[in-house]
Amino acid sequence: MREQVLTWLAEHVPATRVDHILRVEEMAIELASLHNIDSEKTASAALMHDLAKYFSPKRLLQMARADGLEVDEVLESNPHLLHADVGAIVARETFGVNDKEILQAIANHTLGRPGMSRLCCIVFLADSLEPARGESKELQVLREISYSNLERAMWLTCDRTVQYLLERRCTIHPRVITTRNWFLSKSKSK
């Protein structure tokens, strides 16, 4: 299926995005190995995480509603945030993926979700922290933490996302906050 997905990606997303996807896949496989998570499932989810990245806002909204997804006011005004959830729809409908954990990892790679699986965490973190995202000290520290503690890496990466969005005066979806809070609480309770 990997070749089929790569062919589809080459036709639907720019080459620079395919490069990003391949870096996410590579980092996700590395994290899966370190955390004893199924590498094949992880690779599949990572490879398909941005299937809907370049869909138009109208198409994202239409597909989300047709699939019965809740579209709140933040998603309505920022349809791009739906690309993760819609990507899971594309994975299911175009590639026949029916593994719930793979579909959840695709759907949750942007906003996260409280209580998401370790596979979901790995795809989320690999997308946020892959090498081309930069070499700042902060990113290097987050990468190191992701190698040893997924929960801590999740809440700290969410903190970084919130800080970035606040600095740019962007809308923040509540799911990012609830994801951050859930992983913070889980990390502190250990």
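Throughout these legends, contact means heavy atoms within 4.5 Å. The model shown is predicted.

**View 1. Here we look into the largest nonpolar core, which has 65 residues.** The members that touch the most others are L9, M48, L51, F55, V86 and L125. Helix α8, spanning residues 118-129, gives this core its largest share, 9 residues. As a general background, nonpolar side chains in soluble globular proteins tend to be buried together.

**View 2. This close-up settles on L51 and its partners from elsewhere in the sequence.** Once neighbours within four places in sequence are set aside, L51 is in contact with V5, W8 and L9, and also with G87, V90, A91 and F95.

**View 3. Next comes the largest pocket, with a volume of about 820 Å³.** Its lining is made up of 30 residues, and the closest to the centre are T110, R133, T161, Y164 and L165. Helices α2 (15-34), α8 and α10 (150-167) each bring at least two residues to the lining, with the largest share, 8 residues, coming from α10. Sorted by class, the lining holds 10 nonpolar, 12 polar and 8 charged residues.

**View 4. Our last stop is the second largest pocket, with a volume of about 300 Å³.** Look for L69, D85, A107, R113 and R175, which lie nearest the centre among the 17 lining residues. At least two lining residues come from each of α6 (83-95) and α7 (100-107), and α6 provides the largest share, 4 residues. The lining of this pocket has 7 nonpolar, 3 polar and 7 charged residues.

Conventions: Residues numbered from 1 in each chain as written. Predicted model: local features only at pLDDT ≥ 70, side-chain atom pairs only at ≥ 80, totals over all residues. Heavy atoms only, no water. Core = buried A, V, L, I, M, F, W, Y, C linked by side-chain atoms within 4.5 Å. Buried < 20%, exposed > 50% of the residue type's maximum accessible area, 1.4 Å probe, protein only. 1 Å grid on protein atoms, 1.4 Å probe; cavity = no way out; pocket = protein on both sides within 12 Å on 5 of 7 lines; lining within 4 Å. Points joined across faces, edges and corners; volume = space filled by probe spheres on them. Nonpolar A, V, L, I, M, F, W, Y, C, P; charged D, E, K, R; others polar.
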